[in-house]
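Got the model loaded and a selection tool ready? Take these stops in order, and keep the backbone showing as you go.

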Amino acid sequence: TEEMLIKSEKLSLVGELAAGIAHEIRNPLTTIKGFVQLLDQDSEDKKHLYTDTILNEIDRINFIVNEFMVLAKPHAVFFSKCNIVEIIKSLKYLLEAEAILKNVIIIDAYESDEMFLFGEKNQLKQVFLNLIKNAIEAMPFGGIITISITKTAQDILISIQDNGVGMSDEQVKRIGEPFYTTKETGNGLGLMMCYKIIRDHNGKMSVQSQLNKGTNFLITFPILMDNKIEF
Ligand code: ADP
Ligand code: MG
């Protein structure tokens, strides 16, 4: 039956995820093991280099596990009235130093200073932190990120646009797939998390991208009316 089919699809997705996680964690563990063995044999002056690598790899495992904790939603998340403009402005502030360092200019335009949606502030932060970081990483020689927030009677529309490396149609099809990354130090979990959180907020995300031209991520959320509680 259809119901059974859906269930077995879900099971294989869990299996795929588990295999992916195991693989992702085994890589840094192998590195750690190798460097601990070196640490045991080698001279004093190299030890700092080894411990640095070991600590980085431990951070990587930590990061992967943390990302999955968010996805698994082990804690209750409390939705409340969130000003998305304030959230995105705070992220812009947070990322500005890194952007300047990489010759990236962030231009922002907000239709108003207050646009509210019903959501979880930290999860929303995660989403836009990921998207803006991806945009910075898509421009290794610098460029411009344009962030805009507008609204209609029903929705809040957010656009994060860069003029970076862009993606082919094949790449666009794969984004959001767990562990899909084209970056040497990427983990391919960011967009999967974005999709999940946006869905939990009754929102939608679409992508327009052209190779060597740039990428535009468009996100919409239902707007929270002043005199009406939704959900
Ligand atoms: P990660 O950033 O760790 O690679 P993500 O899930 O955030 O993982 O992104 C997956 C992949 O999607 C990236 O490796 C990259 O190939 C592509 N991608 C995401 N955002 C952009 C962007 N703004 N421009 C070009 N490619 C992008
Ligand atoms: Mg990312």
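**Starting at a helix end**

Just after H6, select Asn202: the residue takes a positive phi of about 60 degrees. Most residues other than glycine have a negative phi. Before moving on, some housekeeping: residues count from 1 along each chain as its sequence is written, while chains are lettered from A and ligands numbered from 1 in the order in which they are written. The model is predicted, so local features need pLDDT of at least 70 and side-chain atom pairs count only at pLDDT 80 or more, whereas totals for chains, interfaces and linings use all residues.

Asn103 isn't a glycine, yet its phi is positive, about 60 degrees. Is Asn103 buried or partly exposed? Asn103 counts as partly exposed because it has 13 C-beta neighbours inside 10 Å. The scale used here places C-beta atoms from the backbone and calls a residue buried with 20 or more others within 10 Å of its own, exposed with 12 or fewer, and partly exposed in between.

Now jump to the loop between helix H5 (169-174) and H6 and pick Phe179. Phe179 is another non-glycine with a positive phi, about 70 degrees. With 17 other C-beta atoms within 10 Å, Phe179 is partly exposed too.

**Zooming out**

Read from the N terminus on, the elements go α-α-β-α-β-β-α-β-β-α-α-β-β. Of the 231 residues, 23% are buried. Contacts here mean C-beta atoms, placed from the backbone, within 7 Å. Among contacts between residues at least 6 apart in sequence, 72% join residues at least 24 apart.

**The sheet**

Select S2, S4, S5, S7 and S6, in that order: they make an open sheet of 5 strands with mixed pairing. Strands pair if DSSP finds at least two bridges between them. At the edges sit S2 and strand S6 (204-210), each pairing on one side only. From one strand to the next, the twist averages 10 degrees.

Bring up H4 as well: this helix packs on the sheet, touching S2, S4, S5 and S7, and its direction makes about 20 degrees with that of S5. Such angles run from 0 to 180 degrees between N-to-C directions, using axes fitted to C-alpha atoms, for helices over the stretch in contact.

Stay with S5 for its neighbours on both sides:

- S4 and S5 run antiparallel and are joined by 7 bridges; a hairpin of 3 residues links S4 to S5.
- Ile147 has Ile160 of S5 as its bridge partner, and Thr150 stands opposite Leu157 in S5.
- S5 and S7 also run antiparallel, with 8 bridges; there, Ile156 is partnered by Phe221 of S7.

Which residues of S5 are on its covered face? They are Ile156, Ile158, Ile160 and Asp162, while Asp155, Leu157, Ser159 and Gln161 make up the uncovered one.

**The core**

Next, the largest nonpolar core: 35 residues, with Ile84, Leu131, Ile132 and Ile160 making the most contacts inside it. A core here is a set of buried Ala, Val, Leu, Ile, Met, Phe, Trp, Tyr and Cys residues joined through C-beta atoms within 7 Å. H4 gives the largest share of this core, 7 residues.

Centre on Ile84. Leaving aside neighbours within four places in sequence, Ile84 is in contact with Met115, Leu117, Leu124, Ile149, Ile156 and Ile158.

Return to H6 and show Gly190, Leu191, Met192, Cys194 and Ile197, which are buried. The buried residues of H6 pack against H4 and S6.

Finish by selecting ligand 1. Around ligand 1 are 22 residues, the closest being Ala138, Thr181, Gly186, Gly190 and Leu191; to count, a residue's C-beta atom, placed from the backbone, must lie within 6 Å. Helix H4 (121-137) and helix H6 (190-200) each supply at least two residues of this shell, and H4 provides the largest share, 3 residues.

Technical notes
Helices (H or I, at least four residues) and strands (E, at least two) are DSSP runs, numbered from the N terminus. Two residues are in contact if their C-beta atoms, placed from the backbone, lie within 7 Å.
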